[in-house]
Amino acid sequence: MKLAGIGFTETGKVLLERVSDLFGKDLDRYEINGVRQDIKPVTGLSEFARIGFEKYDGLIFVGACGIAVRAIAPFLQSKTVDPAVLVIDEQGRFVIPVASGHLGGANRLAEQTARFLGGTAVITTATDINRVFAADNWAKEQHLWIRTPEQIKTVSAALLRGKTVGFVSEYPWCGALPPGVQETEKAQVGLCISVRQKFPFANTLLLTPRPYVLGIGCRKGISREILEEQIAKALFHAGIEREMLRAVCSVDRKQDEPALVSWCREHRLPFLCYSARELSEVEGEFSSSDFVKRTVGTENVCERAAVLGSGGKLILPKFSGQGVTVAAAECEVKIKF
């Protein structure tokens, strides 16, 4: 996760510096009217929140919870897209996830940070404190697209009341079903894993696997508009919905390419980069370009990156246009409880 943090007071700034030892380069520190080279300046908390929601996977506020809540309020959209938001008191005693506890990973982030600081993670999510199966958290871990997020609360409410929640899946699964979940269609509320629009329950939490990994190559300085257009064309050509993507991969020379980085962050997709040597060692038959070989050190980026990142098979060979190459590979779908 790429994180942004800010401290309200001098004591808070010291604690944030300590937290940066935990997250290293994954945490960018901000300061209001900051002047230090290792800290990014902002004019106020509102600007920090805006930047955080646009560019980061999680925000850390060190200070009063109320101040942080007011700062993020104008930018909140929904649990499916909002970044994780943590508040830490300046003594490091309490770490509070205030937004996107499950899907954004704020609860897990809070527990990790609290352990490091020797403090307490203040978790208030009902499923967590009652030790009840959290369907949304599990779905994220299993790389499942939640197609009916409005049913998350319906499933949680049923489990908290001790009601049976049904489960059906078009894909093989293993492990023991959580307490309260049964493999049956005879329930009012249930989970369904399917690639189709299938609703076997009156209240169906529909989940679809996300098995596809994109490999992308592009010319330096490509515009966001052109990149987005070419990705959309490639996905349409392959018959893949964007929400079924698991990750995006490329060569390490593209790890800071602005258009690629911003597209992945907007869609909450991991952006994985490999060295030319790693890509060259991928086994298989791939298209070849002498120009790409001279430029980056391997004759193919998109196809090799897709296969390496997925560990699976290529399903969309190089699709190119306007300085962008896109390929797609498919991971094996494994559902575990």
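Leu214 touches Ile231, Leu235, Leu245, Ala247, Val248, Cys249, Ala306, Val326, Ala327 and Ala328, leaving aside residues up to four places away in sequence (contact: heavy atoms within 4.5 Å). The model is predicted, so local features need pLDDT of at least 70 and side-chain atom pairs pLDDT 80 or more, while totals for chains, interfaces and linings use all residues. Residues are numbered from 1 along each chain as its sequence is written, and side-chain values use heavy atoms, without hydrogens and water.

Leu214, Ile216 and Leu227 have the most contacts inside the largest nonpolar core, which has 24 residues (buried Ala, Val, Leu, Ile, Met, Phe, Trp, Tyr and Cys joined through side-chain atoms within 4.5 Å; buried is under 20% relative accessible area, exposed over 50%, partly exposed in between, with a 1.4 Å probe and protein chains only). At least two core residues come from each of β14 (212-218), α8 (224-238), β15 (245-251), α9 (258-266) and β18 (324-330) (DSSP runs numbered from the N terminus: helices H or I, at least four residues; strands E, at least two). Helix α8 gives the most, with five residues. Apart from this core lies another, of 20 residues, including Leu103, Ala139, Val165 and Leu205.

Elsewhere, Phe8, Tyr30, Phe48, Tyr56 and Phe61 form one aromatic cluster (Phe, Tyr and Trp rings, Trp by its six-membered ring, pair with centres within 6.5 Å; planes under 30 degrees apart are stacked, over 60 edge-to-face, the rest tilted).
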